[in-house]
Amino acid sequence: MMDPALHEMIAEGAPGDEVAVVVRLHDKAQPPPALRIVTRFGSVVTARARRGELERLHGHPAIASLKAPRLYTKELDLGLGPDDADTELLGVPIEADPDPAPADIRRPAQLAETGRGTVLCVIDWSCDFAHPDFRRDDGSTRLLALWDQRRATGGDAPVYGYGRIHSRAAIDRALATADPFASLGYAIPDGAHGTHVLGIAAGNGRAGGPSGIAPQADLVFVHLGSGGQDLGSSIDLLEGIDFACRTAGARPLVVNMSLGRHAGPHDGTLLIERAIDWLLVHRPGTAVVQSTGNYYSRRIHSHGRLSEGKVARLPFRTAQRDSQPISVETWYEGPDEFTARVAGPGGARAAAALGQNAPVTDARGREVGRLYHRRADPNNDDNLVNLFLDSAAASGEWMIEIEGVDVVDGRWHSWIERNASCSPCQAQFVPDVATPDSTTGSICNAMRTIAVGAYDGHDPARALPPFSSVGPTRDGRRKPLLGAPGVRVLSVRSRAAASDPPGYVRMSGTSMAAPHVAGTIALMFEASGRQRISAIRRALFAALAPVEGDNQRWGYGRLDIAAAVARARTLPAPPPRDRETATPMFASVTGEAARHAGGECVPVLLLPGVMGTRLRLAGGRVPAWDPDSNLTMGRWFLADGGDKLASLAVGNGATIIADASGDRHRKGWDQVASNFYAPMLEAIERAFNAPSFARPAGPLRCPAWAMGYDWRQSCASHAGRLERTIDRVLEAERARQLILVTHSMGGLVARAAIAGNPSIAGRIRGVIHTVQPSVGAVVAARRFRTGFDRRIDGTLGEIAAAWAREAIGAGGALAGQMPEDASEADFISTMLFQAIFSDRRLGPSPEFYARLMAVLRGPVELLPSDRAGRAWWPHAAARPQMSVWDLYAAPRSQQGMVPDALSEAEKAALRGRFAEARRFHSTIQNRYHPATGVLYSTGLITDVALDPERRAREGDGTVPAFSGRCPDLARPHFAQSFARVEHAACFGHAPFREAVLDGIAHLAGSGAPLGTAPPPARGAGRTP
């Protein structure tokens, strides 16, 4: 389904029009000929295409995401005058050329750094380039270039095709004339926003006002607005950033963007945010600073949590209308399914189920808007309800309703887009549903940009103003990250004509707070060189002045300019590569990447199997699934079947337990069951993180990380989490690619992520799948016949023994029940697993197993797929024309997997799970990373047929060898089979563990298939 804004753009003009779009390409994909690339930030590009081609391009296999540009404008100028609607919000009128107050002196005395050797770019509106604050002592300009984007075509910006670029020489020639503005052909419209921002960051005070933070930085200004008015698009912004990078060359660059709007996913996944994050990682010596927004009190956000069958109502009002459409975006989690309705004045109505669009029509049948309900945005896998109301839609009160249909998480957030041209026309939620949190601007939610909130620097108490926006982001991160002065800030005033005297003016807003930080970072770059953004952020945040309490609107503290620069002076010198070169903006995401100083780093990320992640459950009588806690797992033993169903159901929310500290927490080790996975993680750390481990091309580190996930949900639902984790690991380790090691179900998670977003593959050096049920495990189907039967499921390994060791002791619940011929470990693990998955402690229950599968998603995807063949199930072999998923959905009385004893609702839910699993397996069929290794086991009694009497020594006790060897992988990079290595305990088996280490060494080292070149030697390291 197409992006709603793209639908709107296609309908706005003629098919032959050339329009600008922002695109995310699949990794290594060649863009289609109909797409003309202009700038590139890794996999994200800005491009041009004919309007009539957009629908076809949207479905092109090279394109992962195609978006219409979003429009942005300057943050509200609070306190600009008595007629400004927002003056009442702050109560501070404009003050032209006031007397400076002590708090107006923002640059610390005795500070040696001035920004010399750095470039500071402001992307904004209006630049009084002739003001003395932006000129050198000899009268020449400090600007390296000024790009005026307002001219749509015919300008002298051939790379971009619009606007006019004024060089330093051209500006100096204009400054030598009586009217520099006319000579340059640059008209300053009403308003002083960009000039004021630039003066805070880098003015030199030559006209008698306070100096900016970096008074000797070289300057670049991009005047947005290729479409006219004070609006700029995401295309304009990205191409402006590209222009700044080209102009700066190899010098450190700080970009300030005091702009934004309200709507968007607010999770860092907008393509402009992804592009900027890519730039920050791949161009050392670059920082992007943004205002958080002035929307705290503007009633533009609402949020809540739905359950199935419940309805959330979102009334909003608009007092008057102008030509601008009203847009309301409601984002909710990908695994959920809502239905949406809208009602408004004049009998306007519309309804849209997930995946549908509907016109909004009034009582006379006129279309006054559209309601879009998009499933799984390709950049975050979440769902979007987007209401567009045309100018013909009546003013008054409108109502959006969302109703839970199939709810796993239930959380939703809604934002009303900002009307930048008419403040009284701004739609607002009614006070009862509006919430001031999560009101950050639309593009300040990226992972590595620095979002700044405002406080009153004139107030000794450093009061927070009523306008400064706050997070968290929709994915739970803190915004702003810090606070800076943003009330009655004195800075440079734009002139309407060259004959006007230069002066200064007070303005308020987070727009004024951000450039304080931008100028500070320019000083930090001067003090420390072309540091990576991670080093600059660490130094900046470590130097913040503390604030009282934990008010999220402060971020982590107040800006302390002198302390931040002092911290920067102590940073180690960047490596030569970072000091001397600039990253080409046209490089591919895999062609230019961060390298660790002193050698390449290739981290290893481990994905656990089913039940291998520690979960804290939101409801139910069993509060957690935590294999590391004997007490918690004992509760599962004692709970009845109803409690287990309620706790494990996918509709019961869950968070991942992560309760360690230090490196174990930072690297995610505490997210996974330590009994199962600590031996492998520790072995990786010991083997690869020592000076003795090297490869012919140079030193190499392979730090071990882990990522847990909610294994109850579909394996496909974790793609976004995996991509974000990969990015976090690569940033933390300053690496280009990592290696995935998967266990069991973790292999399906990795394959689903790569299938759904092939660009992930470019960040992965290779994948090692261990004991993966690639085409399913027969045991998952057999238990529909037998339940968890102790007589059959008697070789579950020794890892789970500790969970119930206390229960088998003297006086324990199982005391005296262990058969004489059974080992203690085998007996305990068998009894415990049976207790968890059965509603009768000592008896098998196929019906309960079916009920459990009806409330889960991920475990159902472990059933044998059509790719597993038919030999394991004679009933299926006799019906080759039918999918096994259809056969599963048949009643038990017809040889299917749906017990007759289930209620009709339970039967319908179970059949729905089969249908979902069928779609999942069709998605991942034959989908593997190009460099995939396979490790599996055989020789243990394993279900290889539905009939338990036909169990054979042809697998690892859980996964048959025919599934573990990945039969749909045409050319494994390497493959190795082991004898009698148990499925759950494989990482506790020394030879198996050694094979994983050899595979890592091979993928990280020589890269040649195993057997053709010896892997690098492994040394001895330390465990975090």
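This is a predicted model: local features need pLDDT of at least 70, side-chain atom pairs count only at pLDDT 80 or more; totals for chains, interfaces and linings use all residues.
**Notebook: aromatic rings and overall fold**

I searched the whole structure for aromatic pairs and found 21; rings of Phe, Tyr and Trp (its six-membered ring) pair if their centres lie within 6.5 Å, and planes under 30 degrees apart count as stacked, over 60 as edge-to-face and the rest as tilted.

Residues are numbered from 1 along each chain as its sequence is written, and side-chain values use heavy atoms, with hydrogens and water left out.

I then checked burial (buried means under 20% relative accessible area, with a 1.4 Å probe and protein chains only). Phe987 is buried at 1% relative accessible area, and Phe992 is buried at 0%. In the protein chain, 62% of the 1024 residues are buried.

I recorded one aromatic cluster, formed by Phe784, Tyr849, Trp872, Trp873, Trp885, Tyr888 and Phe914.

I next looked for charges over rings (NZ of Lys or CZ of Arg within 6 Å of the ring centre and within 35 degrees of the ring normal). The charged end of Arg553 sits over the ring of Tyr296, 3.8 Å from its centre. Arg558 has its charged end over the ring of Tyr455, 5.9 Å from the centre.

Finally, I listed 27 helices and 42 strands in the protein chain; these are DSSP runs, helices (H or I) of at least four residues and strands (E) of at least two, numbered from the N terminus.

Note on methods
Buried means under 20% relative accessible area, exposed over 50%, partly exposed in between (1.4 Å probe, protein chains only).
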